[in-house]
Amino acid sequence: METSQQQHYQQHSAMPDLPKQDPMQSTMEWQQGYGMDSGIQSGATSHTPSITGKSHHEEEEMGAQEAQAMFDWDQGYGPAYTQEQVDDLNQQLNQTRSQRVRAAMFPETLEEGVQIPSTQFDPAHPTAVQRLSEPSQMLKHAVVNLIHYQDDAELAMKAIPDLIKLLNDEDQVVVGQAAMVVHQLSKKEASRLAIINSPQMVAALVRAMSNSNDIETMRCAVGTLHNLSHHRAGLLSIFRSGGIPALVKLLSSNTESVLFYAITTLHNLLLHQEGAKMAVRLAGGLQKMVMLLERNNVKFLAITTDCLQILAYGNQESKLIILASGGPAHLVRIMHTYTYEKLLWTTSRVLKVLSVCQNNKPAIVEAGGMAALGLHLGHQSNRLVQNCLWTLRNLSDAATKLDDLTGLLQMLVQLLGSNDINIVTCACGILSNLTCNNSRNKMSVCQVGGIEALIQTIVKAGDREDITEPAVCALRHLTSRHQEAEMAQNAVRHAYGIPVIVKLLHPPSRWPLIKATVGTIRNLALCAANHDPLREQDTITRLSQLLMRAHQDTQRHASMGGGASQGYDGVRMEEIVEGTTGALQVLAREPHNRSIIRNLQCIPVFVQLLFSTMENIQRVAAGVLCELSQDKEGAEMIEQEGATAPLTELLHSRNEGVCTYAAAVLYRMSDDKAGNYKKRISQEIGNSLFRGDTAPWGEPLDLPSEQMMGSQQMLVQDHQQFSQPSSHSSLPPGDYQQPPSIHGSFHDSVTPIEPMMQDLDIGGSAPHEYGMDPGLPDLASPGGDLNLDGLQPGPNDGSGLAFFDTDL
């Protein structure tokens, strides 16, 4: 047995050297130390067989890995400590335990140079004493502060009576020293509350501030009031002590620190103290604050403009004072000059409040407010962009004559693609107003893709009429009365906009949107290429339905003894009657459309409209009958409805459009009549149309009727006479444009007389909501006020039926 073991030992001792830390080498070293086989080399089984299912070779590898891990673990420890060294270390830790606790809670009590051994092994895991350190320090500071607070309160309570006497002293030096002491006391909370609770002290400070001419005394006194204004009780104490007039007086100071204390204290009062606004107004604070806008400190200006916004909101008198003091020009200059976001935001809020004032509005526009506000529409601050947009929308109805707004218009078209619904709403309203009566703005919008952008906006808006209505109004403006109007009319068709627009004639659209849509359809019908798409959308049928409903409503109201109908949502049914009839008149230029209109039994309604007391309705009714009378069948239906009598009466109308249309219808109806009847009609028409300026109205002239009725050349020569608007017409000078005519009939020469071409000022005397502020919350307003003050829809006397509240 012994011989066998020696042979086995000699066999393995002859193995070559294995690499360092090799498992086999470790095993051989272990065997050499103990003189026996571990069982790894001999394969002897010294334990229960494995149930893991692993092979003998795999188990050998796992055993080798475990051996290597044990070897590495042993190597990780440093030099071994003797028992004596361990006892010394424990004794040292026990002796310094109290010092470690003291270092954590009261580090200031330790002597310098004392070294305290640390018990922390891992920097990522603090010891229990270290975790106790922070809350212990907080507790200590709280106790110290409480002791100091009590000391400050007691000191202030004892000193206040003496300080009040010193502040009331006649010697200004004494007053100045006392004010300085009080200012120092007001910097600590305990003594500050003691001052607030002493009305006599606050009153003494106000008197010292008002009566002293010493800059340092004023600075200390107003600085104390500034510290007190951070507490509601302090604000009330200042207000009751008459501090507001004294603070307003200090706004004239040339010292920056005094001005800063005064304006910030007034700002706190305006924000949180009831009654402070009126007190500031009565003390003349508005005028002085406007003067302070000339300074160049952006933070100071931000506080000042916020004060102006608080004072002007909801108070017309304050707005007028700001206007009289030159405020609009200063505010616009700030928007042009500075880039500090908070200042721009507060200034835009003041301009928004002023923009609903009819007196301030033109002043802001004249000062360049539109361009100044447009500079910031691309700003990263959403609140600034929205305030600028609201202000621009309020101002836009007063800026319709401005021509240098190309950059602003381009930015507004881009903003139509925004995901912010408030931004899109404002952009649509501004575009609607700025394209009213302004050919250059219309062309600018068309050139930057405004038609396509507006149609996409209408599609995305769905049932949101606060977006769709101004967008449709803008399209109505862009499709008429400028050099590129025909291109715009075609662009709507190319952008697949006709189905989108016609759909708006149907529920759930309300009457304001329907009114705007009817006007847009009328303009689109001026382009012959749009007639087929409009007919395919069954536009004529829907227009006739709206006409019937509106006419029945007006008749019912008239039968009840009323005048003009009250309308729905601010739209009178007479406006719908006029608009739908005007649209049908333009559509009736196409023969197929005339056939559809005849089959819809609209002619009896048109004849009844000839009896209307409103001149505009008479004109569009005569106009559509003039179109329908081009066909013999239409002329016969018109005559069968008894139109001869009212048409003959309208020949004496002082409106050239009305009498010219009436003459055309009568002449066509008389084509197949006997000679005497035709001659009498011709004479009547001649007497009505060709009267001299000196002849009484209705008095016949010595002109042969054949000259007018028998020669188209005569009509063409007199075309200019019929085309010019008279003083009695609703056509404003300069707003007249001749639509394209089709040569070959009497009516063709008089088609330039088109109804409802007058543009009304949005947001002005005519009722329109685009000049109103929508009322987004003003974040800095103390009461959460909404800027809704200002515009109310004005009365409409019905003297001129303003169906198209902007232009056609």
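This is a predicted model: local features need pLDDT of at least 70, side-chain atom pairs count only at pLDDT 80 or more; totals for chains, interfaces and linings use all residues.
**Ground rules.** I number residues from 1 along each chain as its sequence is written, and side-chain values use heavy atoms, with hydrogens and water left out. Local features need pLDDT of at least 70 and side-chain atom pairs count only at pLDDT 80 or more, while totals for chains, interfaces and linings use all residues.

**Whole chain.** I looked up the helices and strands (DSSP runs, H or I of at least four residues and E of at least two, numbered from the N terminus) and found 43 helices and zero strands. Of the 808 residues, 49% count as buried (under 20% relative accessible area with a 1.4 Å probe, protein chains only; exposed is over 50%, partly exposed in between).

**H22 and H24.** Next I turned to H22 (residues 382-395) and H24 (residues 421-434), whose axes lie 9 Å apart at an angle of about 30° (lines fitted to C-alpha atoms over the stretch in contact, angles from 0 to 180 degrees between N-to-C directions). The two are therefore roughly parallel (under 35 degrees). I noted residues in contact (heavy atoms within 4.5 Å), including Leu 389 and Trp 390 in H22 and Ile 423 and Cys 426 in H24.

**Rings.** I found one aromatic pair (ring centres of Phe, Tyr or Trp, its six-membered ring, within 6.5 Å). Phe 260 and Tyr 261 have ring centres 6.0 Å apart and planes at 55°, so I logged the pair as tilted (neither stacked, under 30 degrees, nor edge-to-face, over 60). Phe 260 is partly exposed at 39% relative accessible area, whereas Tyr 261 is buried at 17%.

Definitions and conventions
Angles under 35 degrees count as roughly parallel, over 145 as roughly antiparallel, 65 to 115 as roughly perpendicular and the rest as oblique.
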